[in-house]
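Please open the model in your viewer and keep the selection panel at hand.

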Amino acid sequence: MARLGSAQAPLEACVPSSASAVPSTTVVSRHSALVRVTHWIITLCFFALLVTGVEILISHPRFYWGETGTVLTTPLFQLPIPSSRALVPTGYGYVLPDQNGWSRALHFQAAWVVVLTALLYGIFGLFTGHFRRNLLPGKADLSWRALSTTIAGHMRFKRPSEEEAWSYNVLQRLAYLFVIFVLFPFVIWTGLAMSPAFVSAFPATVTLLGGRQSARTLHFFVSLALVLFLVVHVVMICLAGFWSRTRAMITGRTRTHMEQT
Amino acid sequence: MTDLSRRKLILTGLAATAGASGLGVAAHIAEKYGLIPPDHGGIYGPGETLTYAAQRLLTRHSLAREFSRSQISKRPLANEMPPLTEAFKRLQAAGFADWRLSVDGMVDRPTSFSLDQLKSYPSRSQITEVICEEGWSYIAEWIGVPLSHVLNLVGVHSQARYVAYFSIDPDWWESMDMADAMHPQTFLTYGMNGNELPVGNGGPLRMRLPRQLGYKSLKFITHLMVTDSMKKFGKGLGSAEPEAGYAWYAGI
């Protein structure tokens with residue numbers, strides 16, 4: 001375990017001082033084993049949750065606000081898609097095949113795996129300083145000047161600088177922190193708020209959200225936000241160099257030219 | 001083989017054995033405390049088992065949320081359902097006067113109850129939500145007799161673990177564990193919103209388990225069977241729903 005956590009430690013040693021600005025290619029440790037393993041388990045679960053979530057959603061593609069909602073009440077909005085149940089008036093002349101059985105089973109099983117994996121990651125991140133060192137932005141990076149420079153760079157689709165091969169920039173750090181500490185807990189919360197047994201023991205889980213149907217609607221929007229993150233994440237990886245970034249998340253190592261300081 | 005790799009091999013072997021026997025012990029304890037659902041097999045078995053075990057540890061005695069009268073849905077949805085059976089239509093034509101609920105299995109006094117008999121017991125009401133696995137939900141007042149009252153009348157054997165319940169339509173049958181069977185909000189329901197329970201909502205007799213999804217609240221109940229194992233029922237998965245891929249335990 002101790003070795004897992006210290007994977008980042010030799011980094012500083014790899015960064016040469018300006019005195020030795022000789023161009024050379026070095027292989028540096030990028031991601032610790034635990035980060036890599038949990039990253040891919042969560043990736044796999046995310047796709048399972050996304051596909052099965054869509055399958056469950058199409059059995060009732062209407063959304064409501066408050067406690068209750070049926071085809072007899074006015075929805076907040078309805079997705080313009082066909083449904084897998086004849087009960088829902090969609091305007092389409094056909095009903096999609098119903099996949100709810102296995103979709104629900106896989107949805108909850110993947111949820112269990114993702115929650116347990118995330119717990120492991122969270123404990124690891126706190127105790128090894130992973131969050132503090134790799135994700136918490138430095139004070140200097142949070143100034144308007146520094147932030148606007150980074151944002152402007154992104155707006156011009158500028159390729160990331162060399163140093164970003166072994167460290168996250170401030171926008172990445174903020175995005176990852178937001179996903180890990182806001183979107184992820186919220187998607188679990190809104191999911192649990194839809195469990196009739198869970199809310200019987202912990203009613204505040206659902207009443208704080210404004211009711212069961214509000215929880216369902218929020219679950220949908222948080223999932224959309226997570227999908228948006230995934231899209232941006234993959235686009236950024238392609239922009240930065242798909243294979244080098246993906247290799248770093250698989251093998252843990254990345255190649256870097258050390259001529260700059 | 002070097003000493004180091006041999007030591008590694010032995011340690012790995014020991015760890016694997018410890019892990020496997022640990023899992024074995026955990027499974028044994030879980031079985032003893034009733035934390036393993038009938039549909040624990042198959043690729044989704046681990047998820048179903050984790051969910052059921054966690055809920056039984058966390059929520060065995062918790063009460064489903066009840067709502068105020070003003071929150072009752074104006075139009076309770078009568079969900080679409082398969083066509084009514086001939087047997088049902090005959091009883092319906094006679095105003096359900098001959099509707100019977102038979103209770104047997106691991107009980108001291110197997111009994112057949114008429115609707116009037118069930119209505120003569122102390123009636124209870126609850127304002128709870130029907131939650132469909134599709135996503136919709138509505139709130140209604142449900143009037144009936146707690147299942148525990150009927151079970152106490154017939155005398156349930158101490159080794160009983162499940163109550164299987166059957167609709168007049170032989171395709172529909174369900175079961176629940178004793179924690180849910182004795183739960184104060186589990187009703188044999190014959191009334192709704194101050195009136196008779198409409199056929200569209202499961203009348204004349206519907207099981208209500210407000211802590212689980214709607215499909216556990218089976219309509220048109222005619223038969224209860226108390227048992228210590230669900231293995232001999234259907235494919236042995238606990239109810240008809242798991243045979244179509246749905247969870248036996250639907251509290252999620």
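Begin with chain B and colour its two domains separately: the C-alpha centres of domain 1 of chain B and domain 2 of chain B lie 43 Å apart. Domain 1 covers 1-32 and domain 2 covers 35-244, with bounds that come from an automatic or database domain assignment. Before going further, note that this is a predicted model, in which local features need pLDDT of at least 70 and side-chain atom pairs count only at pLDDT 80 or more, while totals for chains, interfaces and linings use all residues. Residues are numbered from 1 along each chain as its sequence is written, and chains are lettered from A and ligands numbered from 1 in the order in which they are written.

**Where the chains touch**

Select next the contact between the chains, to which chain A contributes 31 residues and chain B 37 residues; two residues are in contact if their C-beta atoms, placed from the backbone, lie within 7 Å. On the side of chain A that touches chain B, at least two residues each come from α4 (100-128), α8 (196-201) and α10 (212-251) of chain A, where helices (H or I, at least four residues) and strands (E, at least two) are DSSP runs numbered from the N terminus. The most is given by α4(A), with nine residues. Sorted by class, this side of chain A holds 15 nonpolar, 11 polar and five charged residues, where Ala, Val, Leu, Ile, Met, Phe, Trp, Tyr, Cys and Pro count as nonpolar, Asp, Glu, Lys and Arg as charged, and the others, Gly among them, as polar.

To see the contact itself, show Ala105(A), Phe108(A), Gln109(A) and Trp112(A) of α4(A) together with Pro46(B), Gly47(B), Glu48(B), Leu50(B) and Thr51(B) of α2(B). These residues divide into five nonpolar, three polar and one charged.

**A helix pair within chain A**

Now select helix α7 (residues 170-192) of chain A with α10(A), whose axes come within 9 Å and cross at roughly 150 degrees. The two helices are therefore roughly antiparallel to each other, and their crossing is left-handed, a term for a near helix turned anticlockwise from the far one by less than a right angle, clockwise being right-handed. Among the residues that meet here are Leu183(A), Phe186(A) and Val187(A) from α7(A), and Leu218(A), Val222(A) and Phe229(A) from α10(A). The contact of α7(A) with α10(A) comprises 11 nonpolar residues, four polar and no charged.

**The open sheet of chain B**

Return to chain B, where five strands form an open sheet in the order β2-β1-β10-β5-β6, with mixed pairing; two strands pair if DSSP finds at least two bridges between them. Which strands stand at the edges? They are β2 (111-114) and β6 (173-177), each with a single partner strand, so one side of each is left without a neighbour in the sheet. Neighbouring strands are turned by 20 degrees against each other on average, direction ignored.

Walk through the sheet from β2(B), which runs antiparallel to β1(B) and is joined to it by four bridges. A hairpin of five residues also links β1(B) to β2(B), and Ser102(B) stands opposite Ser112(B) in β2(B). On the next step, β1(B) pairs in the parallel sense with strand β10 (residues 221-227) over four bridges, with Met225(B) in β10(B) as the bridge partner of Asp104(B).

Select strands β3 (residues 124-131) and β4 (residues 137-146) of chain B, which pair in the antiparallel sense over eight bridges. They form a hairpin with five residues between them, and Gly135(B) in the turn has a positive phi of about 135 degrees.

Finish with two loop residues of chain B. Phe96(B), in the loop between α3 (86-93) and β1 (100-105), has a phi near 60 degrees, a positive value in a residue other than glycine. Pro204(B) lies in the loop between β8 (195-196) and β9 (206-208), and the peptide bond from Gly203(B) to Pro204(B) is cis, with omega near 10 degrees.

Notes
Axes fitted to C-alpha atoms, helices over the stretch in contact; angles between N-to-C directions. Parallel < 35°, antiparallel > 145°, perpendicular 65-115°, else oblique.
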